[in-house]
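Thanks for coming, everyone. Please have the viewer open.

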Amino acid sequence: MHAAGKLVVTDKSPASVVWFRRDMRLLDNQALCAAMATGYRVHAIYIVDELTAAPWLPGGASRWYLHHSLVSLQASLARIGIRLYLFKGDPVEILPRFTREVSGVHVVWNYLAEPSQLQVDRKLEAGLKKSGCEVEVFHDDTLLPPMAVQKQDGSHYKVFTPFWKRSRELLLNTDSKLSLRDIPRAQVKPVAFDPADVSALELLDDHSWHDKLHDYWQPGEAAANARMEYFLSDIVADYSVMRDVPAEDGTSRLSAALHFGELSVTRAFARSQEILQTDSKKACKDSLLRFQSELGWREFARYTLMQHPRSTDTSLDSRFETDWVWQQGTDLLSKWQHGETGIPLVDAGMRQLWQTGWMHNRVRMICASFLTKNLGIHWIHGARWFWDTLVDADLASNTLGWQWVAGCGTDAAPYYRVFNPLLQAGKFDPNSTYVKRWLGDEVNEKPIVDVKKSRVDALARYQAMRDAT
Ligand SMILES: Cc1cc2nc3c(=O)[nH]c(=O)nc-3n(C[C@H](O)[C@H](O)[C@H](O)COP(=O)(O)OP(=O)(O)OC[C@H]3O[C@@H](n4cnc5c(N)ncnc54)[C@H](O)[C@@H]3O)c2cc1C
């Protein structure tokens with residue numbers, strides 16, 4: 001069912017249908033360019049697909065972001081004469097039906113590098129082709145097609161550094177991989193649009209808790225590109241150092257824009273590469289390379305998920321499921337979630353997350369380490385909480401981040417690392433600027449665990465597991 005009511009399309013001339021997914025942009029959008037190039041009328045469709053997403057249905061913060069990103073996309077498409085039709089349900093039923101209703105003869109989309117999404121794609125592609133449609137599917141969500149990066153013997157990389165070295169080589173040696181595309185020129189007059197269509201998808205719940213997110217985020221393609229340019233002109237020079245200082249605006253804050261595809265990762269990489277080739281200052285070079293390698297982690301997360309579809313719910317190192325005793329503790333978990341652990345940096349991070357829908361990367365690592373190691377609680381509980389509260393919640397990156405910190409994932413550190421949140425605070429927030437920002441003058445309760453003792457216990461659990469296997 002079209003979210004805004006009955007679908008009425010009177011023009012029966014052949015049409016091209018662009019299925020928008022997490023590529024919510026006009027710039028550098030291969031699928032959109034391909035649709036415009038056909039010369040047919042172009043219709044755009046977005047489907048809220050809870051079936052494929054389950055059991056990782058987007059959480060509240062992510063749905064808030066999506067709602068506003070759709071409003072922005074709807075307006076941008078309308079300016080170039082394309083109406084965005086919005087649906088809720090199973091794409092395998094909706095897309096072919098919609099295509100028939102609008103006399104579609106050509107259907108195009110950018111695929112998502114997630115195993116469950118690719119299954120849907122395969123079904124759709126086969127069904128649409130069978131019914132006589134031309135189908136085009138583009139790679140657009142990552143810098144390189146996920147499985148294009150292989151070792152010389154054809155096997156897959158398990159460790160990030162050689163993976164990224166090889167990816168960079170491939171990217172820089174193949175000009176076409178970095179080709180960027182302009183916003184397609186409008187073929188017809190702008191069309192009317194109604195933001196109420198997006199509201200009909202019911203992405204926002206009735207409570208107004210999400211109003212606060214407007215203070216921190218401006219979803220939409222224009223804001224994403226503006227932020228990227230600001231980051232690359234004003235922030236990036238000091239990125240390699242400042243990216244670890246949570247009190248500073250020292251990172252790109254582009255994760256939500258990249259997740260929803262408001263900004264193409266290819267453009268982010270290509271723009272940073274342009275500056276790298278023209279700016280000779282060493283510090284800036286280091287920073288740009290560092291930024292690119294963070295984009296590389298995003299690639300690696302997708303690459304890993306493609307190889308290990310079950311890693312969203314199960315530790316990659318199976319010993320952590322069979323031989324590890326995770327602690328049960330709903331009270332401790334609740335205190336962690338609400339920033340009431342009595343450990344200032346952890347509590348500040350969890351409050352930042354709750355308030356803004358985002359948490360600084362270093363603090364994400366510290367909070368995740370505290371939950372999984374000092375409290376000994378299974379990483380899945382942390383991953384679920386982040387999933388519900390992050391505006392940038394991303395299945396691949398969240399899974400990789402949690403498993404990496406918990407020590408059970410890919411590219412695990414050669415030793416069992418327990419971040420000491422007190423030492424980390426001294427190093428990365430020496431004047432407590434970040435802690436004060438999120439905790440104010442609140443006097444900390446007694447810590448819910450002794451940091452030193454719980455670290456020793458965690459290491460003992462790890463040793464016991466190693467001895468047992
Ligand atoms: C436990 C844990 C959970 C995480 N969950 C998510 C998540 O759900 N979604 C998400 O996008 N990132 C996640 N990350 C990775 C990282 O924390 C965020 O991408 C980063 O903090 C976003 O801020 P930024 O855009 O300013 O990053 P920058 O430092 O400016 O990095 C640029 C971009 O590179 C990518 N990136 C950076 N670090 C990583 C990383 N470690 N893994 C994958 N991609 C990375 C992001 O797309 C980011 O926008 C998680 C990390 C941890 C430790």
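Let's begin with the sheet. It is open, it has five strands, and their order is E3-E2-E1-E4-E5, with parallel pairing. Strand E3, residues 84–88, and strand E5, residues 134–139, are the edges. Each has a single partner strand, so one side of each is left without a neighbour in the sheet. From one strand to the next, the twist averages 25°. And keep in mind that this is a predicted model.

Now the middle of the sheet. Strand E1 covers residues 15–20, and strand E4 covers residues 104–111. They pair in the parallel sense over five bridges. Helix H4, residues 91–101, touches E1, E2, E3 and E4. The direction of H4 makes about 160° with that of E2. Helix H5, residues 115–130, touches E1, E4 and E5. The direction of H5 makes about 165° with that of E4.

E1 also pairs with E2, again in the parallel sense, over six bridges. Serine 16 has valine 42 as its bridge partner in E2. Phenylalanine 20 has tyrosine 46 as its bridge partner in E2.

Are the residues of E1 buried or exposed? Six of its six residues are buried. Both faces are covered: Ala15, Val17 and Trp19 are on one side, with Ser16, Val18 and Phe20 on the other. What about E2, and how many of its residues are buried? Eight of the eight, so E2 is largely enclosed by the rest of the structure. Look at which way they point. Arg41, His43, Ile45 and Ile47 go one way, and Val42, Ala44, Tyr46 and Val48 go the other. Note that Arg41 and His43 are among the buried residues.

Helix H15, residues 344–356, packs against helix H17, residues 379–389. The angle is about 35°, and the axes are 9 Å apart. H15 brings Met350, Leu353 and Trp354 to the contact, and H17 brings Trp385, Phe386 and Thr389. By type, that is five nonpolar residues, one polar and no charged.

On to the aromatics. The structure holds 27 aromatic pairs. Take tyrosine 416 and tyrosine 462. Their ring centres are 4.5 Å apart and their planes are at 10°, so the pair is stacked. Where do the two sit? Tyrosine 416 is in the loop between helix H18 and helix H19, and tyrosine 462 is in helix H21. So the pair ties together parts that are 46 residues apart in sequence. Tyrosine 416 is buried, at a relative accessible area of 8%. Tyrosine 462 is buried too, at 14%.

Arginine 384 lies over the face of tryptophan 56, at 3.7 Å from the ring centre. And for a cluster, select Tyr157, Phe160, Phe163, Trp297, Phe300 and Tyr303, which form one aromatic cluster.

Now phenylalanine 370. Its place is in helix H16, residues 361–374. Phenylalanine 370 is buried, with a relative accessible area of 0%. What does phenylalanine 370 touch, not counting residues up to four places away in sequence? The answer is Trp336, Thr341, Ile343, Val346, Leu375, Pro421 and Val449. The C-alpha atoms of phenylalanine 370 and lysine 452 are separated by 12 Å, and these residues are 82 apart along the chain.

Last, the backbone. A cis peptide bond joins alanine 54 and proline 55, with omega about 5°. Proline 55 lies in the loop between helix H2 and helix H3. Then there are two positive phi values. Glutamate 202 has phi near 55°, and it is not a glycine. Glutamate 202 is in the loop between helix H7 and helix H8, and it counts as exposed at 53% relative accessibility. Arginine 253 has a positive phi of about 55°, and again it is not a glycine. Arginine 253 is in the loop between helix H9 and helix H10. At 26% relative accessibility, arginine 253 counts as partly exposed.

That's my tour. Over to you.

Terms used
Residues are numbered from 1 along each chain as its sequence is written. This is a predicted model: local features need pLDDT of at least 70, side-chain atom pairs count only at pLDDT 80 or more; totals for chains, interfaces and linings use all residues. Side-chain values use heavy atoms; hydrogens and water are left out. Two strands pair if DSSP finds at least two bridges between them. Helices (H or I, at least four residues) and strands (E, at least two) are DSSP runs, numbered from the N terminus. Axes are lines fitted to C-alpha atoms, for helices over the stretch in contact, and angles run from 0 to 180 degrees between N-to-C directions. Contact means heavy atoms within 4.5 Å. Ala, Val, Leu, Ile, Met, Phe, Trp, Tyr, Cys and Pro count as nonpolar, Asp, Glu, Lys and Arg as charged, and the others, Gly among them, as polar. Rings of Phe, Tyr and Trp (its six-membered ring) pair if their centres lie within 6.5 Å; planes under 30 degrees apart count as stacked, over 60 as edge-to-face and the rest as tilted. Buried means under 20% relative accessible area, exposed over 50%, partly exposed in between (1.4 Å probe, protein chains only). A charge sits over a ring if NZ of Lys or CZ of Arg is within 6 Å of the ring centre and within 35 degrees of the ring normal.
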